[in-house]
Protein chains: 2
Amino acid sequence: MSHSFHSNEVPYKIYLTEEELPKAWYNVRADMKNKPAPLLNPETRQPVTFEELSKVFCDELVKQELDDTTPYIPIPQPVLDFYKMYRPSPLVRAYFLEKALGTPARIYYKFEGNNTSGSHKLNSAIAQAYYAKKQGLTGVTTETGAGQWGTALAMASAFFGLDCHVYMVKCSYEQKPYRREVMRTYGAQVTPSPSTTTETGKQILKEHPGTSGSLGCAISEAVEVAVKTPNTRYVLGSVLTQVLLHQSIIGLETKAALDKYKIKPDIIIGCAGGGSNLGGLIAPFMGEKLRGEADYRMIAVEPASCPSLTRGVYAYDYCDTGRVCPLSKMYTLGAGFIPSSSHSGGLRYHGMSTTLSQLYHDGLMEATSAIQTQVFEAATQFARTEGILPAPESSHAIKVAIDEALKCKETGEAKNIVFGLTGTGYFDMVAYQEFNDGKMTDFIPSDQELSIAFTHLPKV
Amino acid sequence: MSHSFHSNEVPYKIYLTEEELPKAWYNVRADMKNKPAPLLNPETRQPVTFEELSKVFCDELVKQELDDTTPYIPIPQPVLDFYKMYRPSPLVRAYFLEKALGTPARIYYKFEGNNTSGSHKLNSAIAQAYYAKKQGLTGVTTETGAGQWGTALAMASAFFGLDCHVYMVKCSYEQKPYRREVMRTYGAQVTPSPSTTTETGKQILKEHPGTSGSLGCAISEAVEVAVKTPNTRYVLGSVLTQVLLHQSIIGLETKAALDKYKIKPDIIIGCAGGGSNLGGLIAPFMGEKLRGEADYRMIAVEPASCPSLTRGVYAYDYCDTGRVCPLSKMYTLGAGFIPSSSHSGGLRYHGMSTTLSQLYHDGLMEATSAIQTQVFEAATQFARTEGILPAPESSHAIKVAIDEALKCKETGEAKNIVFGLTGTGYFDMVAYQEFNDGKMTDFIPSDQELSIAFTHLPKV
């Protein structure tokens, strides 16, 4: 037989009990000596205030966004209850992948795909919907590209009885009708962006008739509607520090599961687009490192086609192409940067979370980039050995985990490698088909292209 | 807040440990006083022999098919190891659904959708692939309609390094390209049926140019290729008794989880197409009932558009429309019966497992049917309260579980209701869209239509 039984102490899946579910999120900024630079008002270029942000975001979320001193923030009970429907998520020992690679390394992955949104996004969506409901709001708006965040927010809104209006990038709206229908099944209103429902949308349609839309445009429309509609706020699924805070549940569970079996990770790997998954996964480990209690290698993996950490500049930039949101100091490719159309899946954001940017700038974590076709090779190997069909985003982390495991094979080291498997690829089969048919191409921006984008950075 | 914390002893999800995973499948036939009628050779009309069946199926699987006396059959270690990648599956207490219904009933569901095949089908696929590999075969063939079974077999074949050739009903092949790509990602060869790769296919294409195919035709093609190809056998995902045997893992885990919390179910509900999920779910409970140790209500739910148990006849019939497979005594609508094109999802088989047919005939279980639009209403309510987007098939069980819970609300009884949630609906969004748009229609065959189909039953 091609596979045989592994006798071992660590089970295939380490599940925490519901009692062991973390009761508080961890705010890594509290332990950072160099705090992330503050968001700036795009007009005044002064740090944004609570009053300014609370016109767009829920009060409690603005507080979380601005709080860089409180280390633990209790998870409200209704959010904890919702978490229990799909959490704790399993930490899986990749016995079969290890065997296929012939590596002495021990590979673990934290699987966040076992919920209907198909990704970790639900961890923050339910928190944000809760705070909106608690504030007495009646609705939320947001944008979505590939659709995972929109689905997560639609689920969370259905749970708390909130109206949910999702502006979905037009090309995704048309190419991913199933994603759209999942959101509608959860009661969300889904509008292709740009649309004629907003001034921004009308303006863009006038200037670029026939455009297939962009995330930046969808953000601008969602923000406009949120500000104009009574009892409604805008919510965002990545990049913001509040989102990283909610996503710390991933890392806290991972650490609790590893501690249970006295496993100390050597390397922790996560894919990075806006940084919410990676920031959440590494949070408690980074906390230990910042406090000098332990040391770990932590690696951000980004697409070679959208390499903000590895090839961007560390500067203040616009968070959105519409330039309505605050300025953020981060590793960025420039707000005008749009990844090649040959780029599949998410991880297409031009910037990076301010927190991760500061940590990377301070040399506390590493970053690397991966080439698309190699990412899909790793994804296919993973699917065939570990059973789970991974999202293209998550497969960036798989690729680097495999590389590190193969290095261990050469050196004979039995390192503990942990990576985040953020989601499933069920809605990404168009990209898989391209790969299966040998038609997938790679794209790496030239230095010249990037330096042009950098010239449009705002002067602060 | 619309939801508050439930203090309780039973967690949201009851997980067994890997040590508690059942080590043997349970063969309910061993405890049946009236054994299911034997399969007949369609030509001789005599019970089929091991020799006859082993030309089409793997030896070990034929033994299991013919064995109605051995109560427990050990699960081979490599299959157990594979099970550990996605099992034990959770038994979930539907606290939020109970609250939404305002029922005193306690609702539990066994969730089989947390694997890439999206359903319980993988439980049998991995067993069948294992026995094929053990016999030294190099490949397997099968048919698939909606694609869950084909995906499961592709995954299992990839794991054991077997060639996998799937004949996919042509209309599904074209309408569900994502399903097809998942199979290809797992290395399977997928051919739209009818095809020109078989004599059967060529014949059908000649007689019906432009046909969109049928499951019966796909079965005939897969069997033909299996018989003609060296070291290759045909495998089937439902109906056969061997499949119900493998699916008993569902019921055994469910019972172990309930026993852990000393919960005795009053009602056990499952959807029924060919019967593999339901037969697996109820197996150990039915065993207790047959041995006089306990009593339970067990309910099969079938679509009103394909009502084999509730409106069919109990007679020998062809298992496939191509009439190449053995004759089976079962509740049937006639091998020529094809559900209306308005019927969504699976559960479209004209017959029913011989085991379940005998148990139903002997009054040991109940059956009811559900109307499609009401099934999707239940599915939507479930998705919005419990988070999981259910498959249309599984939603038949949800509908009846909700009905029973609402009866409890009227009577004030706190019954324990257990149902099988066989899979997720990610690949069924076309049907959800029809429902969301108010365009879904219902179809119930007339008595006259059914009686015409009955006239074509074989004379035995």
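The structure is a predicted model, in which local features need pLDDT of at least 70 and side-chain atom pairs count only at pLDDT 80 or more, while totals for chains, interfaces and linings use all residues. Residues are numbered from 1 along each chain as its sequence is written, chains are lettered from A and ligands numbered from 1 in the order in which they are written, and side-chain values use heavy atoms, with hydrogens and water left out.

Chain A is divided into domain 1, made up of 13-22 + 76-118 + 248-451, and domain 2, made up of 26-74 + 120-234, the bounds coming from an automatic or database domain assignment. Between the C-alpha centres of domain 1 of chain A and domain 2 of chain A the distance is 22 Å. Where these domains meet, 47 residues of domain 1 of chain A and 41 residues of domain 2 of chain A take part in the contact, contact meaning heavy atoms within 4.5 Å.

The size of an interface is often given as the accessible area lost when the parts come together. Buried area is used here in that sense, as the accessible area (1.4 Å probe) that two parts lose on being put together, summed over both. For domain 1 of chain A and domain 2 of chain A this comes to about 3,800 Å², with 66% of it on carbon and sulfur atoms. Of the area that domain 1 of chain A buries against domain 2 of chain A, 18% is supplied by Phe82(A), Ser117(A) and Phe427(A), more than any other three residues supply.

Polar interactions also link the two domains of chain A, with 14 residue pairs in polar contact between them (both at pLDDT 80 or more). A polar contact is a pair of N or O atoms within 3.5 Å; within protein, one must be able to donate a hydrogen and the other to accept it, and residues adjacent in sequence count only if both atoms are side-chain atoms. On the side of domain 1 of chain A that touches domain 2 of chain A, at least two residues each come from α3 (77-86), α11 (241-260), α12 (276-290), β12 (313-318), β13 (327-332) and α14 (354-361) of chain A, where helices (H or I, at least four residues) and strands (E, at least two) are DSSP runs numbered from the N terminus. The largest share of that side, 7 residues, belongs to α12(A). By residue class, the side of domain 1 of chain A that touches domain 2 of chain A holds 23 nonpolar, 16 polar and 8 charged residues; Ala, Val, Leu, Ile, Met, Phe, Trp, Tyr, Cys and Pro count as nonpolar, Asp, Glu, Lys and Arg as charged, and the others, Gly among them, as polar.

Between domain 1 of chain A and domain 2 of chain A there are 2 salt bridges, a salt bridge being a side-chain nitrogen of Lys or Arg within 4 Å of a carboxyl oxygen of Asp or Glu. In chain A, the side chains of Arg291(A) and Asp31(A) form a salt bridge at 2.9 Å, N to O.

The interface between the chains draws 56 residues from chain B and 56 residues from chain A into contact. Chain B and chain A bury about 5,100 Å² between them, and carbon and sulfur atoms give 59% of this area. Across this interface there are 2 salt bridges and 25 residue pairs in polar contact (both at pLDDT 80 or more). Among the elements that give two or more residues to the side of chain B that touches chain A are α3 (77-86), α8 (177-185) and α17 (429-436) of chain B, and α3(B) gives the most, with 7 residues. That side of chain B divides into 27 nonpolar, 16 polar and 13 charged residues. A salt bridge also joins Asp437(A) to Arg184(B), at 2.8 Å, N to O.

Over all chains the count is 46 salt bridges. In chain B, Asp31(B) and Arg291(B) form one with their closest N and O atoms 2.9 Å apart, and this pair links distant parts of the chain, 260 residues apart. Asp31(B) is partly exposed at 24% relative accessible area, a class that lies between buried (under 20%) and exposed (over 50%), with a 1.4 Å probe and protein chains only. Arg291(B) is likewise partly exposed, at 36%.

In chain A, Lys407(A) forms a salt bridge with Glu404(A), their closest N and O atoms being 3.1 Å apart. Because they stand 3 residues apart in helix α16 (residues 392-411) of chain A, Lys407(A) and Glu404(A) are separated by about one helical turn. Lys407(A) is partly exposed, with a relative accessible area of 46%, whereas Glu404(A) is buried, with 5%.
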